[in-house]
Amino acid sequence: MTDKRAEERYCLGIESSADDFSVGISTFNGKILANVIDAYVPAEGGIHPREAARHHADVASKVLGAAVEESGVKPPKLSVIAFSQGPGLGPCLRTGATVARALASYLKIPLVGINHCVAHIEIGKLETGTKNPLTLYVSGGNTMVVAFDAGRYRVFGETLDIALGNCLDVFAREAGLHQKPGLPFGALVEKLAQSGKQLIKLPYTVKGMDVSLSGLLTAVVALFRKGEYSLEDVCFSLQETAFSMVTEVTERALAHTGRDEVLLTGGVAANKRLQSMIRSVAREHNARFDVVPTRFAIDNGAMIAWTGVLAYTHGTVTAIEKSQVRLRWRLEEVEIPWLQ
Amino acid sequence: MKQPVLMKKGAEANLYLADWNGRKVVLKKRLPKEYRPKLMDEQIRAYRTIHEPQLMHEAKKAGVPTPIIFLVDHKNTTIIMEYIEGKQVKQLLNEISKNQRQSLCFRIGELIGRLHEYGIVHGDLTTSNLIQRSEGKIFFLDFGLGDKTKELEARGVDLHLMKRALQSTHYKFADECFESAIEGYSTILKSETSENVLDKIREIERRGRYVAERKERE
């Protein structure tokens with residue numbers, strides 16, 4: 001360790017677990033100096049892992065350059081490189097890991113592999129100032145209700161099958177919607193749902209503190225194909241049903257853990273209707289409600305950089321030969337030495 | 001009735017302690033949830049209010065202690081039931097020895113076995129829904145998410161949920177507790193059936209996201 005002050009030490013973080021390639025730079029005292037995100041938008045269909053990885057490789061040097069410029073931090077001034085080591089899509093993770101290894105070797109500085117889910121929670125806490133929240137993390141790949149206890153983040157509830165974001169995305173695709181950069185499927189469904197009026201009954205599946213969304217997806221696609229209801233009403237009913245389910249399990253976990261802060265993060269956190277539902281249960285249980293700003297709620301490099309700072313300053317370093325990506329790295333497996 | 005006292009503000013319902021015709025009772029009132037649409041909310045609350053006492057009654061037939069139901073007021077989505085004086089298994093597990101934990105979990109496993117054999121799944125097998133009365137009887141509460149079914153899938157999910165609840169709340173001895181529960185469970189159901197349920201649990205785990213078992217196969 002050098003004796004430089006925290007604000008003059010920097011960590012560069014690389015995120016590439018799914019469709020976004022992103023580089024962020026954070027000071028050791030949690031000031032985010034850069035957060036550049038380049039999203040891969042497939043012309044058709046879902047994310048093809050190898051095509052997304054090719055996108056990441058194509059934009060890597062451009063995004064790195066932009067992040068360095070945005071931060072004003074010259075690479076030799078970096079202290080550590082952090083990267084998203086998992087969970088996620090193999091080819092995508094490997095592309096980010098390769099860039100990270102190359103940078104760390106070239107600059108002769110340590111490398112730190114970060115769990116993607118931990119990073120979502122830590123950036124949320126940093127940006128909102130929450131200390132020990134119950135976190136609802138909802139994205140294209142994850143749906144979980146999490147709280148820290150005794151050294152680790154514990155998963156109290158999660159999806160038994162597909163993620164909430166995935167459910168919305170697949171429906172949107174089936175309904176023939178087209179996403180554009182800056183206007184993802186989730187936002188399209190949200191917009192349509194706002195003009196929906198009629199609530200159509202759909203499967204509502206809560207099992208303990210877990211939800212199951214695959215039955216709902218099948219039913220809502222079938223409903224749309226029947227063509228008896230407007231797309232607006234179908235989107236409205238889908239959102240109301242799916243969001244009520246995750247809100248119910250969040251409330252269950254909140255009552256169970258007795259936390260006084262609720263944090264909403266992940267790509268779906270941008271949805272205003274979901275925010276209002278989670279805010280409502282937080283209020284009901286006298287808990288503070290916070291939602292992570294969208295640029296830090298979607299997959300981003302800043303969260304990896306900041307969690308890299310936390311891990312590195314608490315003695316975590318990942319040797320190059322142990323830096324292989326971990327596709328199914330479960331949140332509960334990660335020790336969190338920076339929390340008591 | 002004397003003024004009921006709020007005992008617990010749960011996620012789904014408020015529990016009030018009250019005196020009802022000279023008996024100590026619990027009022028379980030499912031309150032409207034502001035976050036979901038009114039129609040959906042009413043349907044969910046009405047369904048669970050009627051369904052829960054039915055399952056509690058069925059559970060007794062299966063030989064599993066549950067509070068006595070005195071009144072179901074579906075208009076006010078309220079159930080009036082016997083108050084069980086005892087200790088939550090959630091606390092109990094932290095206070096007893098390893099041997100006591102094993103035998104407690106074994107007995108819980110036996111009771112779950114009886115429920116499943118009779119065709120009931122509980123739907124929310126957390127340790128806060130289990131109460132041991134002073135004489136030792138274990139009561140099952142909170143059947144709001146339960147179901148009448150003998151499907152393998154439902155049984156597997158039921159036990160999988162219990163395993164997960166143990167892991168998040170009792171991580172220090174989750175594995176030994178679950179193992180003892182499974183031992184007890186397997187004494188009730190036919191060995192072939194309980195083997196199938198155990199296979200199902202493993203299948204559900206593999207289906208899950210980012211699980212160790214699937215990881216090994218990569």
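Tutor: Start with helix α3(A), which is mostly covered: 13 of its 13 residues are buried. Keep in mind throughout that this is a predicted model.

Student: What span should helix α3 have, and how far apart are its end C-alpha atoms?
Tutor: Helix α3 covers residues 116-128 of chain A, and at 1.5 Å a residue its 13 residues should span 18 Å. The end C-alpha atoms are 19 Å apart, which agrees.

Student: What comes just after α3(A)?
Tutor: A:G129, which takes a positive phi of about 75 degrees.

Student: OK, zooming out. Which domains does chain A have?
Tutor: The domain assignment gives domain 1 (6-121 + 297-333) and domain 2 (132-294). Their centres, taken over C-alpha atoms, are separated by 27 Å.

Student: How many residues does each of the two put into their contact?
Tutor: Domain 1 of chain A contributes twelve residues and domain 2 of chain A contributes 20 residues. On the domain 1 side, the largest share comes from α3(A), with four residues. By class, that side of domain 1 has nine nonpolar, two polar and one charged residues.

Student: And chain B, what are its domains?
Tutor: There the assignment gives domain 1 (5-82) and domain 2 (86-216). The C-alpha centres of these two domains of chain B lie 23 Å apart. In their contact, 14 residues of domain 1 of chain B meet 14 residues of domain 2 of chain B. The domain 1 side divides into seven nonpolar, two polar and five charged residues.

Student: How many residues does each chain give to the contact between A and B?
Tutor: Chain A gives 27 residues and chain B gives 25 residues. On the chain A side, the elements that give two or more residues are β8 (152-158), β9 (206-207), α7 (231-257) and α8 (272-284).

Student: Which of those gives the most?
Tutor: α7(A), with eight residues. By class, the side of chain A that touches chain B has 13 nonpolar, five polar and nine charged residues.

Student: Let's go inside. How many residues are in the largest nonpolar core?
Tutor: That core has 116 residues, and A:V146 and A:C167 have the most contacts inside it. α7(A) supplies the largest share, eleven residues. At least three residues come from each of domain 1 and domain 2 of chain A.

Student: What does A:C167 touch?
Tutor: Leaving aside residues up to four places away in sequence, A:C167 touches A:I162, A:L213, A:L216, A:L217 and A:A242. There is also a second, separate core of 34 residues, which includes B:L111, B:L115, B:L166 and B:I201.

Student: You mentioned A:V146. Which residue is its bridge partner?
Tutor: A:T135, with A:V146 itself sitting in β7(A). Strand β6 (residues 134-138) of chain A pairs with β7(A) in the antiparallel sense over four bridges. A hairpin joins the two strands through four residues.

Student: Is β7(A) mostly covered or mostly open, then?
Tutor: β7(A) is mostly covered, with six of its seven residues buried. β7(A) also pairs with β8(A), in the antiparallel sense over six bridges. In that pairing, A:M144 stands opposite A:E158 in β8(A).

Student: What sits between β7(A) and β8(A)?
Tutor: The two strands form a hairpin with two residues between them. A:A150 is in the turn, and it has a positive phi of about 45 degrees although it is not a glycine.

Student: Is A:A150 buried or exposed?
Tutor: A:A150 is exposed, because 10 other C-beta atoms lie within 10 Å and the cut-off for exposed is 12 or fewer.

Student: Last one: which residues does the cis peptide bond join?
Tutor: A:G86 and A:P87, with omega about -5 degrees. A:P87 is in the loop between β4 (78-86) and α2 (90-107) of chain A. For background, most residues other than glycine have a negative phi, and most peptide bonds are trans.

Terms used
Residues numbered from 1 in each chain as written. Chains lettered and ligands numbered in written order. Predicted model: local features only at pLDDT ≥ 70, side-chain atom pairs only at ≥ 80, totals over all residues. Expected span 1.5 Å × (residues − 1). Buried ≥ 20, exposed ≤ 12 C-beta atoms within 10 Å, placed from the backbone. Domains from an automatic or database assignment. Contact = placed C-beta atoms within 7 Å. Nonpolar A, V, L, I, M, F, W, Y, C, P; charged D, E, K, R; others polar. Core = buried A, V, L, I, M, F, W, Y, C linked by C-beta atoms within 7 Å. Pairing = 2+ DSSP bridges.
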